[in-house]
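Student: Can we go through this one together? I'd like to start with the packing inside.

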Amino acid sequence: MLFRSWVLKRFSADHLETAVSVTVVSRRELLHWADGDFFDLALVALPLEHPRFENKKFTRFPVVVALPTGHPLSQKEALNATDLAGENLISLAPSEVFQPAVMARFQENDVEPMAKIQTTSMLGACQMVSCGLGIAIVDPFIAHAIGPKGIDYRPLTPALEYHYGYIWPAARPLSPLAKSFASLFGSLNIPIL
């Protein structure tokens, strides 16, 4: 995530003697960590409701449609669900927090997407788009990280927002270092695309 790297850069500059460990786990794995003392702060897609976690939202942003470069839909400035009818959608797994809202958008518009490929990774979905395997609906931070390497990005209208926040174990307050790290999310000013 672009914002994670930006915050790590700022935090590291302010805390030269502090070591930071970054571990990437699935939501399912994170829920298994609820009973232990495995982390101080975790960045997550929201909502994530669990009685053993406290959470705070720090940003929201509209999703984008990733298209192979030169795709006919690239001629449009923005896309809606009906534009995507008949397109091969590289979808996220149903268990991913983002996917139900995407599928609900299609249902609202009576569109049955062709979803021949499913993945648990937005990064993987974009890589598949760049190979011409289909289109994907992704967050703009992934789009920014991938860049235009064989992909055109268009906003989805009406906007479908994705929320990010951080969580921490409810059994203990944030440490001063974790508070310092978390405070940087309030000052995010990153161009998305």
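Predicted model: local features only at pLDDT ≥ 70, side-chain atom pairs only at ≥ 80, totals over all residues.

Student: How many cavities of 30 Å³ or more does a search of the whole structure find?

Tutor: The search finds one. The space in the largest cavity is about 30 Å³.

Student: Which residues line the largest cavity?

Tutor: Leu-89, Ile-90, Ser-91, Leu-92, Phe-98, Gln-99, Val-102 and Ile-137. Strand 4 gives the most, with four residues; helix 3 (99-108) also supplies at least two.

Student: What is the lining of the largest cavity by class?

Tutor: Six nonpolar residues, two polar and no charged ones.

Student: Switching to rings. How many aromatic pairs are there?

Tutor: The count is ten. One of them is Phe-11 with Phe-181, edge-to-face at 5.2 Å centre to centre, with 80° between the planes. Phe-11 sits in helix 1 and Phe-181 in helix 6, 170 residues apart.

Student: Is Phe-11 buried or exposed? And Phe-181, buried or exposed?

Tutor: Phe-11 is buried, at 4% relative accessible area. Phe-181 is buried as well, at 13%.

Tutor: Phe-58 and Tyr-166 make a stacked pair, 6.3 Å centre to centre and 25° between the planes. Phe-58 is in strand 2 and Tyr-166 in strand 8, so this pair ties together parts 108 residues apart in sequence.

Student: Which residues do ring pairs link into a cluster?

Tutor: Phe-11, Phe-58, Tyr-166, Trp-168, Phe-181 and Phe-185.

Student: Last topic, helix 4. What is at the start of helix 4?

Tutor: A side-chain oxygen of Ser-121 comes within 3.3 Å of the backbone nitrogen of Leu-123. Just after helix 4, Gly-132 has a positive phi of about 85°.

Conventions. Residues numbered from 1 in each chain as written. Heavy atoms only, no water. 1 Å grid on protein atoms, 1.4 Å probe; cavity = no way out; pocket = protein on both sides within 12 Å on 5 of 7 lines; lining within 4 Å. Points joined across faces, edges and corners; volume = space filled by probe spheres on them. Nonpolar A, V, L, I, M, F, W, Y, C, P; charged D, E, K, R; others polar. Polar contact = N/O pair within 3.5 Å; in protein donor to acceptor, adjacent residues only side chain to side chain. Phe/Tyr/Trp six-rings, centres within 6.5 Å; stacked < 30°, edge-to-face > 60°. Buried < 20%, exposed > 50% of the residue type's maximum accessible area, 1.4 Å probe, protein only.
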